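Please look over the sequence and the model, then read the points below.

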2 protein chains.
Amino acid sequence: MPDDGATRPAQPLESLAPLFAPRAVAVIGASADPQRIGGRPIAYALRAGFEGTLYPVNPNREEIQGVKAWPSVEAIPEPIDFALLAIPAAGVPQALRDCAAKGARAAVIFTAGFAEVGGEGPALQEEILAVAREHGIRLLGPNCLGLFNAATGHCPTFTSGIEAAMPVPGRVGLVTQSGAYGTHLLNMARDRRIGVRQWVSTGNEADVTAPECIGWMAASDEIDLIGVYMEGVNDRPALFAALEAARKARKPVVVMKVGRSAVGAEAAASHTASLAGSDASFDAALRRFGALRAKTTEEMLDILYAAALSPLPKGRRLGVLTASGGAGVLIADAAEDAGLSLPPMPQAAQAAVLAANPLASARNPVDVTAGVLNDFSKVTSATSALRGAGYDMTAAFFTSWTASPVVGPKLREALLAGLEGDVDHPFAMICQGDAEVMRSWEDLGMMTFEDPSRAIHAMGALAHFAEAFEAVEEAPPPAPQGVALPAEPLSELAAKRLLAKAGVPIPDETLAKDAQEASDAAARLGVNCVLKIVSPDLAHKTEVGGVRLNVPPMEMETAAREMLETVAANAPQARIEGLLVGPMAGEGVELIVGARRDPVMGPVMLIGLGGVFTEVMKDVAVELAPLTPAQALKTLNGLRGAPLLHGARGKAPVDVEAAAEAISRLSALAAADPDGFESLEINPLLVTPDGVLALDALIEPRNREDHA
Amino acid sequence: MPDDGATRPAQPLESLAPLFAPRAVAVIGASADPQRIGGRPIAYALRAGFEGTLYPVNPNREEIQGVKAWPSVEAIPEPIDFALLAIPAAGVPQALRDCAAKGARAAVIFTAGFAEVGGEGPALQEEILAVAREHGIRLLGPNCLGLFNAATGHCPTFTSGIEAAMPVPGRVGLVTQSGAYGTHLLNMARDRRIGVRQWVSTGNEADVTAPECIGWMAASDEIDLIGVYMEGVNDRPALFAALEAARKARKPVVVMKVGRSAVGAEAAASHTASLAGSDASFDAALRRFGALRAKTTEEMLDILYAAALSPLPKGRRLGVLTASGGAGVLIADAAEDAGLSLPPMPQAAQAAVLAANPLASARNPVDVTAGVLNDFSKVTSATSALRGAGYDMTAAFFTSWTASPVVGPKLREALLAGLEGDVDHPFAMICQGDAEVMRSWEDLGMMTFEDPSRAIHAMGALAHFAEAFEAVEEAPPPAPQGVALPAEPLSELAAKRLLAKAGVPIPDETLAKDAQEASDAAARLGVNCVLKIVSPDLAHKTEVGGVRLNVPPMEMETAAREMLETVAANAPQARIEGLLVGPMAGEGVELIVGARRDPVMGPVMLIGLGGVFTEVMKDVAVELAPLTPAQALKTLNGLRGAPLLHGARGKAPVDVEAAAEAISRLSALAAADPDGFESLEINPLLVTPDGVLALDALIEPRNREDHA
């Protein structure tokens, strides 16, 4: 199996079709009690009007919940394509074989007691996986809550999240690695009137993984946007493919990935089998593919809610219509946090608002004041002016006016008149009222929120997706030709020369075997030089007198001789391979640029300003490798210390483009052989006004001891 | 009037008693229609059982809403202590005079059309303020929504926020500078079952300010915690006094201050008369007094909700009980964000949990798994183990189990058995259900939340208040004696000598009038010296050859002579006052320390690491002056770059205590004459392993041009 972060062979997405949309479903362990684990899926499917055929299997009953039951899988008279197993663990392997014999191509296993427990569990999980592989069955679970597909009424799940009712119609897909939290999410989504069409709980992920399910939804005609609750990633290639497919299909993906904290990561590791990759690497992956990470459950649902109701905006310009000056200020604050702008209305539009309503504030926010309660035509004129100003989004604050049977309809009429009946851009109605009130506004295509801050945050997310989907796709940088990463450590000079072959500029340095060669090298360079001892045994060259700066060519021979003597005296055991002679570097800004092999996310780049900026201020960006020069430039310019590159404090700007190019080259080297190294580090990468030089480099070869 | 940030003379808090708790209330402009502005207050008071007497005034009616009406204020047969004015602006001054004649000591003026509009408005507001002052009436408004006091049924407000019902009983006070947003808040608080006992909308704040109302509530026996929606501060002394009183009374204060953003500040300024102080200064004030700033409405309400239901915790140790591993991970993440710790359970307690429930995770989070649905005694044993472990707070996640009429009661019984019936510490029940379900848990003293992240964030706020209320009160540093801030700019040396008198160490420098004196000074110092030209005309000394470093005493005379010649050649117009000679400073870390006069918050300190850390990385702390040495030390240690002070990157630690002492001295100087300067800046304050030295100082005298 390739070591690309996948822990299983890739399978085509079509193989998930019998899982999500089967025609003939056997329920092994079917119960007549619609409250029991083996009874709920049948009750749910009947209520949802499952469009295929159900075959409850139960040796003790003729019928189950009104459906003819069968004594065994074998007894089912037709082929099945799907099996639900709600039976004790010990019986699962044989039941799976029986279903395979009947034609099943997919199975959901509710049963716990597999890899998540000790003892026989892991071996039993291996066994059912082997059965599934042998017979070409895709397996969801074990130890999962199953899935539902509201489009077909397929409901092989015992989640209580659809006990009260199926979700309202909609086109949201939810993928969860936690059954219980996935149910919590479903309940919260229902209260928020979010139309969840497909929901899947992946449990132990013996076979089918959460990333595969995201990929299925990204490809599904039934799904427009995807929410994910995730604890760990076992399947990087599937995740990247799924996120990329969603981006290309313009489907927003919002991910809540838990285990950010130390204790959280430990707790996650203890109850999933996932490797702990770095959290920053996970962020980098989402960023690369335009997905959003939500920090809280409500944030995720807010964004899904907004994206389900609204078109995406054309830009980040927000118009604000409010009946409360205070709410306008609050919204302006929230907009800044969300990266939205509130440009003022054109003068003519302001004049129009004020002509109709002299007490209004007309700039933006447009505060019509509570006085309009006496004359709703002022709401219409203000709305019309805002619409004419062409904002990309509108936020309207009318507090509890919407809840009043008298005021609500007047407000609605006035707003729609101002909009000419056409809610063609993201429009958040920030208001109060019961579900029916809120729904009446949602039916117009407006989002409703009670908390202004949450409304604006969700609109910021819409703007993010609009930009991510419009972004021009950049071809990754080409892999360097004829450069192979070493299996063993390299000396500094060898490491730098390897980088040079990959396209990273390095100083013109010579390895001199003695003082005479050092002098010759300095004479050839014709400038003041750096002189360094070269030894595999001396990690701290300065301490043994092994570094001298600013040596004039004329003095090089003496300096070199002295250095050899001094080092020999200070470190008599050290093997001396020679002396490194190179030109003194000019003034500039030092970067630290590294590539690391993240065990989960693959090769990632760490990019920061050198010294205290990285070590003390933690001003380091993490991005997936490879990066194009443009992506590297954006990353550099996103550092807090970026002004230092552009001539802060009276210094000359340095050649940031050259730095970005060098970073891109290093990233291409890392990406070309993602499993061929542990880390590649340039520290420092000196950026001067004239270019860039890798002044020191360290290549840590791949440690393969962890791969038996 | 002293220039201390107050825009009005201070009045005693007792003067607000007739505003919040009057006995005899006249309603001028009373309406028989309970929906109208002049009718609502009467309807509300009647429903709330106002315990005083209502005197509706209306010349056209015998009775109003069943209460005897009076044709004029004069006709009221007894003295009144409170008047509500719901009449057009032009009539307000005379009505106020009439009420004064009848004994009114407080009035609420709903009417708009005063300072918030142009034209006659501001003059009219001045007029009513003059009437109020003349007659000793405290005035709320104009242009406000009034107030209510549920304790007495006093409801002079037309907010729709109590239209459906009065709030549930409780001890929360709300102060709002926005009537409309204050109503929105009330509605949200009602849905959250928060017991708002007093609510006040301050409108134009012609007289009574929001800070005064906070102070009233801080002193009130009826109120235990206070929420504030604020747009601007006109009354710093009242704000500080109120926050300090609340802290001493152990009453949590949560403030939502809007206008953080540029557009928001502009919008706030356009509809309030408040000065825009720096947002960081406002944060500093809240921090100093232990109040919390909420960024969103929900955050404010969450914290009020939690603090209303829970005792404060003894520490930050959180125990987590969960039926979902995923929720446990999510809670652990949120706890890290909130600064709460999740120490593991003692081994014996873990063993006890596992003995009862082998499938559980017992460390912390304690994940009992959904398996306990079959045996709730496992919930009891886990709860009991957590209780025994003595955590300061508990978060329990049981998703929608609470909503089930079957499971809910079992869960409740099992939990209470584990707690031995005693919810004596903050306990968050993270669950789902309707209001009745939630209330049933709240009745046990538990907080309920649906979103785990919000629960944990609120618990972090509880821990904050516990710490703020327990913090030892430090005496402010003494004011420096015999030091007066100058009215005119000082030279660098004079500025430094002034700081030295205030207790800030400065180098041993001499102002030499010629080369000979410079040489003598260097000889006296006996070490290599700094030599600088002294001229009021040379801001950039280095550029004209006016700075030399590391001059040996023997070479000082020559160096000084050369400098005088060079500067004369480069800047022939500059007036030369002499030469500054001082010892070369040692190696250390440079700080920038400044005091600024914030127009709203008074003297504040800006404290940061020098150079790029301040200018590029914006690593600057803002705190109110004065700071004790301990407070200054805490501030320094809170800088992102603080590790540099403690010996990062192989350097020796510097004398942070000496730096803190110097900062405290500078802050005491600023606080002693808060209106005597615009800024005092030490840049750099050099901190070495042996002490601290102000290497340069600049005093910007108070610009009094803005004070006619």
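**Briefing**

The side chain of T176(A) reaches the backbone oxygen of S178(A) at 2.6 Å, where a polar contact is a pair of N or O atoms within 3.5 Å; within protein, one must be able to donate a hydrogen and the other to accept it, and residues adjacent in sequence count only if both atoms are side-chain atoms. This is a predicted model, in which local features need pLDDT of at least 70 and side-chain atom pairs count only at pLDDT 80 or more, while totals for chains, interfaces and linings use all residues. Residues are numbered from 1 along each chain as its sequence is written, chains are lettered from A and ligands numbered from 1 in the order in which they are written, and side-chain values use heavy atoms, with hydrogens and water left out.

**Around T176(A)**

- T176(A) belongs to strand β9 (residues 172-176) of chain A; helices (H or I, at least four residues) and strands (E, at least two) are DSSP runs, numbered from the N terminus.
- With a relative accessible area of 1%, T176(A) is buried; buried means under 20% relative accessible area, exposed over 50%, and partly exposed in between (1.4 Å probe, protein chains only).
- Apart from neighbours within four places in sequence, T176(A) is in contact with G182(A), W199(A), V200(A), S201(A), T202(A) and Y229(A), contact meaning heavy atoms within 4.5 Å.

**Chain A as a whole**

- Chain A has 22 helices and 28 strands.
- The C-alpha trace of chain A spans about 100 × 80 × 40 Å along its principal axes.
- Of the 708 residues in chain A, 58% count as buried.
- Among contacts in chain A with a separation of 6 or more, 71% are between residues 24 or more positions apart.

**Where chain B meets chain A**

- The contact draws 70 residues from chain B and 70 residues from chain A.
- The size of an interface is often given as the accessible area lost when the parts come together.
- Between them, chain B and chain A bury about 5,000 Å², with 58% of it on carbon and sulfur atoms; buried area is the accessible area (1.4 Å probe) that two parts lose on being put together, summed over both.
- There are 26 residue pairs in polar contact between chain B and chain A, both residues being at pLDDT 80 or more.
- Elements giving two or more residues to the side of chain B that touches chain A include α5 (179-191), β12 (253-257), α8 (262-271) and α16 (452-470) of chain B.
- The element that gives the most to this side of chain B is α11(B), with 10 residues.
- The residues on this side of chain B divide into 30 nonpolar, 22 polar and 18 charged; Ala, Val, Leu, Ile, Met, Phe, Trp, Tyr, Cys and Pro count as nonpolar, Asp, Glu, Lys and Arg as charged, and the others, Gly among them, as polar.

**Salt bridges**

- Side chains of opposite charge can pair when their charged atoms come close.
- Over all chains the count is 76 salt bridges, a salt bridge being a side-chain nitrogen of Lys or Arg within 4 Å of a carboxyl oxygen of Asp or Glu.
- Between chain B and chain A the count is 6 salt bridges.
- One salt bridge pairs the side chains of R260(B) and D337(A) (3.0 Å, N to O).
- R260(B) is in the loop between β12 and α8 of chain B and D337(A) is in helix α11 (residues 325-337) of chain A, so this pair joins two chains.
- R260(B) is partly exposed at 26% relative accessible area, and D337(A) is partly exposed at 42%.
- The side chain of K295(B) also meets that of D337(A) in a salt bridge (3.6 Å, N to O).
- Within chain B, the side chains of K541(B) and E492(B) form a salt bridge (3.4 Å, N to O).
- K541(B) lies in the loop between β20 (529-534) and β21 of chain B and E492(B) in helix α17 of chain B, so the pair ties together parts 49 residues apart in sequence.
- Both K541(B) and E492(B) are buried.
- A network of salt bridges links R192(A), E298(A), D302(A), R454(A), R192(B), E298(B), D302(B) and R454(B).

**Helix α16(B)**

- Of the 19 residues of α16(B), 15 are buried.
- D451(B) caps the N-terminal end of α16(B), with a side-chain oxygen 2.8 Å from the backbone nitrogen of S453(B).
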